[in-house]
Amino acid sequence: MNHDAYDDNYIRSILNSVKSIAMVGASPVNVRPSYFAFKYLAQRGYDMIPVNPGHVGKALMGKPFVASLADIDRPIDMIDIFRNSSHIMPVVDEALKLSPLPKVIWMQLGARDDAAAEKAEAAGLKVVMNRCPKIEYGRLSSEISWMGVNSRTLSSKRAPIPTQGMRLSLNRTSFGGGQTAASDRAAKNKTETT
């Protein structure tokens, strides 16, 4: 697997197939990137599990923190690692002790460990490195274009405004909808002009 460039279909198949995501390094602090990613993915219908031993006893969006992957009481489809590269191998080692094994190891932006990726792939897991599932979801579902971010896709057709309950191109239903000032204004202006 070339971990320097991923085919969109590879990323899309992962985001369409996983249901439960354990986020290692999740934070309840609402200005941390892990908080935003956790909230976004939870609003898209994923069963999110926050993993951080420093926050056991707290909850993130109503989901109680667990200290480790071994403390999770249900199967995990994907492990999203929100730690720096030096902490990835121990997380992968812990993931490979789970039964059943997760389907995917996902390393966040800036995180890469080729040896850990090779070890996970040898066990039959899919691996993504140096990517954010929140960003990839937004890019592949067209939501990101409504949030003022360049999706690197040229099209003369504007993407539909994401709304609550809308079926997106990733074949998942949006629970949060397009709750930004820009998308709210666009929806209001479209309604007023038609």
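At the start of H1, the backbone nitrogen of asparagine 9 has a side-chain oxygen of aspartate 7 within 2.7 Å. This distance, like every other value here, comes from a predicted model.

Helix H1 covers residues 8–17, and its buried residues are Tyr10, Ile11, Ile14 and Leu15. Around the axis they cover an arc of only 125°, which means that they lie on the same side of H1. The partners of the buried residues of H1 are strand S5 (78–81), S6, S7 and helix H5 (133–141), against which they pack.

The strands come next. Five of them form an open sheet in the order S2-S1-S5-S6-S7, and the pairing is parallel. Strand S2 (47–51) and strand S7 (126–128) are at the edges; each has a single partner strand, so one side of each has no neighbour in the sheet. On average, neighbouring strands of this sheet are turned by 15° against each other, direction ignored. Strand S6 (residues 104–107) is paired with S7 through 3 bridges in the parallel sense. Within that region, tryptophan 106 has valine 128 in S7 as its bridge partner. H2 also packs on the sheet, where it touches S1 and S2, and its direction makes about 155° with that of S2.

Methionine 23 gives a view from inside strand S1 (residues 20–24). Its relative accessibility is 0%, and therefore methionine 23 counts as buried, the cut-off being under 20%. Beyond its neighbours within four places in sequence, methionine 23 is in contact with Ser34, Ala37, Phe38, Met48, Ile49, Pro50, Val51, Asp80 and Phe82. Isoleucine 81 is 58 residues away from methionine 23 in sequence, yet their C-alpha atoms are 6.0 Å apart.

In soluble globular proteins, nonpolar side chains tend to be buried together. Here the largest nonpolar core has 49 residues, and the members that touch the most others are Leu69, Ile79, Ile105 and Met107. Helix H2 (residues 33–43) gives the most to this core, with 5 residues.

Technical notes: Residues numbered from 1 in each chain as written. Predicted model: local features only at pLDDT ≥ 70, side-chain atom pairs only at ≥ 80, totals over all residues. Heavy atoms only, no water. Core = buried A, V, L, I, M, F, W, Y, C linked by side-chain atoms within 4.5 Å. Buried < 20%, exposed > 50% of the residue type's maximum accessible area, 1.4 Å probe, protein only. Helix = DSSP H or I, 4+ residues; strand = E, 2+ residues; numbered from the N terminus. Contact = heavy atoms within 4.5 Å. Pairing = 2+ DSSP bridges. Axes fitted to C-alpha atoms, helices over the stretch in contact; angles between N-to-C directions. Arc of directions from axis to C-beta. Polar contact = N/O pair within 3.5 Å; in protein donor to acceptor, adjacent residues only side chain to side chain.
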